Every structure is written in C-alpha cells, then in structure tokens.
Amino acid sequence: MSSNGITPDAAPATGAAPVARPKTTGLHVGEAAPGVAKVDPIIIADGVRRSFGGVNAVDVDHLEVPRGAITALIGPNGAGKTTLFNLLTGFDKPDHGTWTFDGTSLSGVPAYKVARMGLVRTFQLTKALGLLTVMENMKLGAKNQRGEHFWASLIPALWKSQDAELEERAMQLLTKFKLDTKADDFAASLSGGQRKLLEMARSLMTEPTLVMLDEPMAGVNPALTQSLLDHILDLKDLGMTVLFVEHDMHMVRHIADWVVVMAEGRIVAEGAPDAVMKDPAVIDAYLGAHQELDLGVVTGRIDVIQADPTTDAAASAAAVAETLVDEGIAEETRDEAETAREEEEGR
Ligand SMILES: Nc1ncnc2c1ncn2[C@@H]1O[C@H](COP(=O)(O)OP(=O)(O)OP(=O)(O)O)[C@@H](O)[C@H]1O
Ligand SMILES: [Mg+2]
C-alpha cells in the first residue's frame with residue numbers, strides 16, 4: 001500500500017471501458033457452508049447475538065472474513081446486516097459473543113478505538129457532518145492528530161506541519177473521488193451520492209486495513225456507479241480487506257470474491273458469488289414461496305438478463321422493466337406521445 005493510502009495512478013477517465021480484474025479465489029478451507037473456516041481470516045466472530053425486544057436481530061454462530069478479499073454481506077431487509085456491522089465496529093454491544101480483528105479481541109472496544117486499530121466503516125444513512133466543510137470532514141477522519149491533546153493544541157508548531165500533511169492527503173483523496181472542487185463547501189450542500197463518496201474518502205484517511213461499507217451504492221447516481229466500483233476494487237489492489245452490504249446483486253457478482261448470506265439474524269449460506277446465488281437456501285431466504293423469480297428482480301434494483309448496468313445503464317434499465325412486466329410484478333406504462341403516435345400509425 002502506498003504511504004498515503006491512495007493509488008499513485010489517476011483513476012480511469014469516466015466512460016472508459018471497465019477492465020475486468022481478477023477475482024481472489026482459494027479463500028476457504030473445505031466445503032463452502034455457513035461459518036466455513038478461511039485460509040487467512042481477518043475477522044473471526046463466535047456466538048455473536050443481539051436481540052431487540054423479542055427479535056433476534058443477529059444470531060451468528062461463527063463467521064470468518066477472509067483477508068485481502070472483497071466479501072459481500074447480503075440478505076433481505078431486516079436480516080441483521082447493519083446490526084452485525086454495528087456490533088463488529090463497536091457502535092453497538094452484543095448480548096453475547098466474542099470476535100477478533102487481526103488476532104486482537106474487539107469485544108467491548110469502543111468504536112473510536114476500533115477505527116484506530118484499522119477497522120473503519122461507513123453508514124447506510126450517511127453521517128457526514130453537514131455544518132462542517134468537506135475538507136473539515138476529511139480531517140476529522142484522520143487518527144493520532146497531535147493538536148487533539150489539550151496542551152499540544154496550545155503550541156501550533158507541534159501540529160501545523162501535520163495539519164498541512166493531512167490537508168494534502170485529504171485533497172488527494174478528494175481528487176480521486178471527484179470531490180476536490182467541493183472541498184470548501186459545507187457537506188450539507190452535497191447530494192446523497194456525493195455524501196456517500198465523502199464518507200468513503202473520509203474512512204480512508206485512517207489508512208485502514210479493513211473497510212466495511214454499508215450499502216455503498218444506495219442513493220448514488222448511476223453515472224457514479226462505475227467509479228465507485230473501481231474505488232472498491234482499488235482498495236483490494238492496495239492490500240485492504242473489504243466487507244460490504246449490498247442489495248444490488250449485479251454489483252455483488254461483479255466485484256465480490258466471497259458472499260455471506262444472512263436471513264433472520266443467521267448466516268444461511270456462504271460461497272463464491274455465482275454458486276451462492278444458485279443456492280436454494282439463498283433463494284428461499286429472499287423469495288419465500290416465489291422461487292420462479294430471480295434474486296436480482298426481487299431486490300428490485302438490477303437486471304439479471306444480459307445487459308450490464310455498470311457499462312450499459314439504459315439497456316439494463318429497459319431489461320429490468322421488461323422482466324418486471326413479464327413476471328406480472330409491474331404494469332407497462334407508456335407516455336401519451338407514444339400512444340398517440342401508435343394510434344396514428346394505425347396500430
Ligand atoms: N435499534 C433498534 N431497535 C429495535 N430494533 C432494531 C434496532 N436496530 C435494528 N432493529 C431490528 O433488527 C432487525 C435487523 O435490522 P438491521 O437494520 O440490522 O437489518 P438489515 O439487514 O441491515 O436490513 P436493511 O437491508 O433493510 O438495511 C430488524 O428486525 C430491525 O427492525
Ligand atoms: Mg441495513
């Protein structure tokens with residue numbers, strides 16, 4: 001990994017054809033099943049449970065997250081994905097259970113310490129601080145700032161040079177995420193998608209070893225989708241481990257090396273993306289009785305036919321619409337001009 005945690009090369013220009021990057025394989029030991037051991041796990045969780053009232057939000061017997069790979073955590077709404085993220089990162093406390101990160105126990109370690117240890121996460125609902133500028137948000141993401149200590153803060157010479165370094169690193173990251181022109185704007189003025197990018201950029205200020213992203217694509221403008229996918233793939237190329245929650249199965253197939261499926265708090269399946277998506281337990285978890293439907297259609301966001309939304313958004317959207325109509329899930333609507341034109345043509 002480079003010292004500033006970002007790629008030395010500029011990101012490919014928007015519109016450039018995406019280059020397929022190799023998947024990481026050989027991650028597990030033995031048969032792919034819930035709780036399967038990994039060759040080199042970075043997180044190992046045991047008996048992690050969290051209930052709210054009568055609901056077992058998380059009930060994970062054993063989970064290992066493979067190091068240096070991109071793992072997708074998928075599952076229907078309410079499966080417990082965000083709650084598991086909250087527990088692993090110290091934002092919530094479990095009723096039971098233990099887990100380690102890089103061999104160190106994280107049970108009871110508060111979120112800010114977890115981040116300092118190299119495990120950072122983003123939120124499903126962005127938490128960028130609206131009344132701070134984009135640059136100020138970035139600097140908050142950095143760890144071990146000398147000016148943070150009261151006595152040191154009174155001696156500017158101690159922190160001024162560090163502040164300049166931080167600003168430079170922040171600017172490099174903002175440029176990579178195409179937010180550099182917004183550095184002095186309040187975060188509140190950013191679109192939802194830009195705030196997601198800011199959160200991801202900010203998380204990289206800590207130079208993490210494991211990045212956990214909760215629905216990174218949700219609310220992001222389709223024009224930014226490809227670059228976001230590239231950013232995530234870059235993290236792996238830089239040696240980081242990624243664990244992300246996503247409902248968009250196309251994205252999961254495209255970038256994940258490994259997929260963990262949750263339903264009703266439990267891990268119900270694990271495996272390589274293509275295998276997992278054919279797994280009857282997974283289809284059950286998503287579909288209940290409607291097994292004739294594809295996973296992607298049910299999650300409502302993606303196409304499962306031929307079009308690739310990362311390269312051909314229009315064709316993909318049209319194909320999704322067609323599938324929904326064919327399946328009787330949606331009704332076809334047409335605009336008035338189209339109907340009038342067809343009537344004119346005598347159809
Ligand atoms: N703070 C809370 N108080 C009460 N119940 C909660 C709380 N947080 C989560 N839950 C419940 O726990 C279960 C798991 O929720 P969670 O948000 O983890 O699901 P999720 O898999 O992230 O879903 P989604 O895909 O919709 O984001 C749900 O039944 C939810 O209602
Ligand atoms: Mg969630």
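Let's start at the ligand. Around ligand 1 sit F52, V55, A57, G75, N77, G78, A79, G80, K81, T82, T83 and Q124. Find them in the structure above. Two elements each give two or more residues to this shell: β2, spanning 55–66, and α1, spanning 81–88. Which element gives the largest share? That is α1, with three residues.

Seven of its residues are polar, four are nonpolar and one is charged.

A caution before we go on. This is a predicted model. So how confident is the predictor? The average pLDDT over the chain is 80. A score of at least 70 is reached by 71% of the residues.

Two stretches call for care. Residues 289–294 have a pLDDT below 50. Leaving aside near neighbours in sequence, that stretch makes five contacts in the model. Residues 296–310 also fall below 50. Here the model shows 44 contacts beyond near neighbours in sequence. Why hold back on the details? Where pLDDT is low, the predicted coordinates should not be read in detail.

Next, the whole chain. How many helices and strands does it have? The chain has 13 helices and 10 strands. It runs to 347 residues, and 36% of them are buried.

Last, the contacts across the sequence.

To recap: a shell with α1 as its largest contributor, a chain with 13 helices and 10 strands, and two stretches with pLDDT below 50, 289–294 and 296–310.

Technical notes:
Residues are numbered from 1 along each chain as its sequence is written. Chains are lettered from A and ligands numbered from 1 in the order in which they are written. This is a predicted model: local features need pLDDT of at least 70, side-chain atom pairs count only at pLDDT 80 or more; totals for chains, interfaces and linings use all residues. pLDDT is the predictor's confidence in each residue, from 0 to 100. Two residues are in contact if their C-beta atoms, placed from the backbone, lie within 7 Å. A residue is near a molecule or strand if its C-beta atom, placed from the backbone, lies within 6 Å of it. Helices (H or I, at least four residues) and strands (E, at least two) are DSSP runs, numbered from the N terminus. Ala, Val, Leu, Ile, Met, Phe, Trp, Tyr, Cys and Pro count as nonpolar, Asp, Glu, Lys and Arg as charged, and the others, Gly among them, as polar. A residue is buried if 20 or more other C-beta atoms lie within 10 Å of its own, exposed if 12 or fewer, and partly exposed in between; C-beta atoms are placed from the backbone.
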